[in-house]
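Here is a short tour of a protein model for you to follow on screen. Keep the viewer open and pick out each part as it comes up.

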Amino acid sequence: MTVTLQPRPTPQQPPAALQQVAGHLDGAVAGRIVAASADLSLVIDADGVIRDATVGTDLDAENIPGWLGRRWVDTVTVESRPKVDALLRDARPEGITRWRQINHPSPSGIDLPIRYTSIRPAEGGPILVLGRDMRAVSALQRRLVETQQALERDYDRLRAAETRYRQLFQISGEPVLVVDAGTRRVSEANPAAARLLGRPAKRIVGQDAVDLFDAASPRAIEAQFAALRATGQAGEIRATLPHGRGEVTVSASLFRGEGGASALMRLVADPVAAETGAEEAPTRAVIEALPEGFVVTDPSRRILTANAAFLELAQLATEGQARGRTLDHWLGREETEAQALFATLVEHGAVRRFATVIRGTFGGIEDVEVAAVSVAGARPCLGFAIRPAPRRIPEGRFEGRLPGGRDVPRSVEQMAELVGRVSMKTLVRETTDLIEKLCIEAALRITRDNRASAAEMLGLSRQGLYAKMHRYGVGDLDGPAEEN
């Protein structure tokens with residue numbers, strides 16, 4: 001048996017076997033085949049008028065027999081008329097035209113979509129138009145559009161809900177952390193948590209939650225997360241914050257989102273401290289209204305609270321800009337000056353009338369006097385009272401005496417009169433000697449006659465300080481030569 005391979009027929013050329021079968025078909029059989037293969041078939045004459053129509057049962061309600069005797073182009077919607085003209089123009093005996101979707105006005109009020117193709121069996125003869133009902137496809141398309149619109153509405157609602165959540169999360173006064181339940185890494189932290197922990201939120205994100213607490217608390221935090229992963233529930237625990245910030249109650253709850261489990265950690269400050277804070281509300285109001293700067297820091301000099309007068313001296317807008325930062329950032333002309341103040345405070349527990357400056361955020365410098373005290377207890381802290389230094393009294397108003405009853409040296413009192421009578425070198429030497437003597441006296445007074453601290457404050461060696469004390473006759477010259 002020999003099989004001859006025929007070339008694949010094109011859409012315009014039916015297979016040879018089909019052509020052989022078609023040769024045995026009469027007109028009635030061909031009509032039934034056409035009616036069975038299409039949902040709607042129309043016979044159009046040369047003038048474009050519908051002369052006959054075969055309608056499927058699904059289209060009975062569309063009154064298609066009413067189209068008979070009318071021009072085909074008059075039965076379609078306005079935007080479909082160019083497609084009707086193209087189907088009539090392109091109909092030829094050589095093959096069928098390409099399919100085009102045409103809409104007809106419908107008694108139901110919804111356009112009837114039909115997909116048509118046309119063929120002219122004989123040159124100059126009528127045109128046969130075959131149509132397929134596209135209502136099911138159109139319904140699917142409408143449902144797809146409606147589904148897309150519903151998804152957009154749901155997305156808008158979710159976005160609005162997320163915006164509300166973000167706003168509540170940010171303005172909430174309760175410290176809250178969002179932590180990955182598997183890795184314990186912090187994914188979000190609200191401003192209240194940042195203030196409580198004393199560090200910016202961006203530095204908290206990505207940290208292991210255990211590292212946010214004191215070294216004595218990791219086991220309790222790890223046990224809480226282990227219970228949370230195992231049972232989905234965990235009891236409250238007590239944990240200690242670093243840098244002497246006190247204790248908090250930590251509660252954690254599990255939730256799922258974005259394909260993973262996360263934990264919502266709430267940090268509740270010590271209720272005893274909260275009650276104490278409520279009782280001290282009048283005291284806080286008084287401190288806030290003081291015309292002198294008042295600052296409380298932890299032992300590492302990180303600011304816990306500051307009143308409005310200090311914020312004005314430091315050129316800050318809000319207390320949040322100062323909280324968590326070290327006081328050294330604004331205090332002292334240079335680092336050694338602030339270190340001398342803190343060293344004296346640690347050694348003696350209090351400092352009075354320490355002359356220094358406050359460096360403002362925008363470059364302003366204010367001469368101030370600092371009184372400081374160190375407070376021990378369950379939550380040790382340092383308190384600083386900062387006031388602007390007294391203005392210098394203009395020359396001529398000393399009346400021969402300094403504050404405290406000390407005589408003004410003649411080299412200052414008569415300096416203006418000496419100009420032109422003695423050399424400038426002599427004036428500078430006498431002025432330098434006077435300033436050195438006053439500085440040594442002030443340092444000894446601030447440090448309560450502690451010569452080692454005074455030497456450090458002045459930037460001198462002990463031997464250098466002793467030599468100048470002997471030179472100017474300052475202090476107890478018969479005291480011990482060395483001090484600790």
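What percentage of the 484 residues in the chain is buried? Buried residues make up 32% of them, where buried means under 20% relative accessible area, exposed means over 50% and partly exposed lies in between (1.4 Å probe, protein chains only). This is a predicted model, in which local features need pLDDT of at least 70 and side-chain atom pairs count only at pLDDT 80 or more, while totals for chains, interfaces and linings use all residues. Residues are numbered from 1 along each chain as its sequence is written, and side-chain values use heavy atoms, with hydrogens and water left out.

**The chain as a whole**

- The chain holds 16 helices and 15 strands; these are DSSP runs numbered from the N terminus (helices H or I, at least four residues; strands E, at least two).
- Among contacts with a separation of 6 or more, 42% join residues 24 or more positions apart; a contact means heavy atoms within 4.5 Å.

**Nonpolar cores**

- A nonpolar core is a set of buried Ala, Val, Leu, Ile, Met, Phe, Trp, Tyr and Cys residues joined through side-chain atoms within 4.5 Å.
- The largest such core has 26 residues, of which V295, I303, F310, L341, V370, F384 and I386 touch the most other members.
- Two or more residues of this core come from each of β12 (303-306), α10 (308-313), α11 (335-348), β13 (350-359), β14 (365-375) and β15 (381-388).
- Helix α11 gives the largest share, four residues.
- A second, separate core has 24 residues, including V186, A239, L241 and A263.
- Beyond its neighbours within four places in sequence, F310 contacts G293, F294, V295, I303, L327, W330, I358 and I386.

**The five-stranded sheet**

- An open sheet runs in the order β12-β11-β15-β14-β13, with antiparallel pairing (two strands pair if DSSP finds at least two bridges between them).
- Its edge strands, β12 and β13, each pair on one side only.
- Neighbouring strands are turned by 25 degrees against each other on average, direction ignored; axes are lines fitted to C-alpha atoms, for helices over the stretch in contact, and angles run from 0 to 180 degrees between N-to-C directions.
- Eight bridges join β13 and β14 in the antiparallel sense, and A355 has E369 in β14 as its bridge partner.
- Helix α11 packs on the sheet, where α11 touches β13, β14 and β15, and its direction makes about 160 degrees with that of β13.

**Aromatic pairs**

- The whole structure has four aromatic pairs: rings of Phe, Tyr and Trp (its six-membered ring) with centres within 6.5 Å, called stacked with planes under 30 degrees apart, edge-to-face over 60 and tilted for the rest.
- W72 and Y116 form an edge-to-face pair, at 5.2 Å centre to centre and 80 degrees between the planes.
- W72 sits in the loop between β2 (50-55) and α3 (81-90), and Y116 in strand β4 (residues 112-119), 44 residues apart; both W72 and Y116 are buried.
- F342 and F384 are edge-to-face because their planes are at 85 degrees, with ring centres 5.9 Å apart.
- F342 lies in α11 and F384 in β15, so this pair ties together parts 42 residues apart in sequence.
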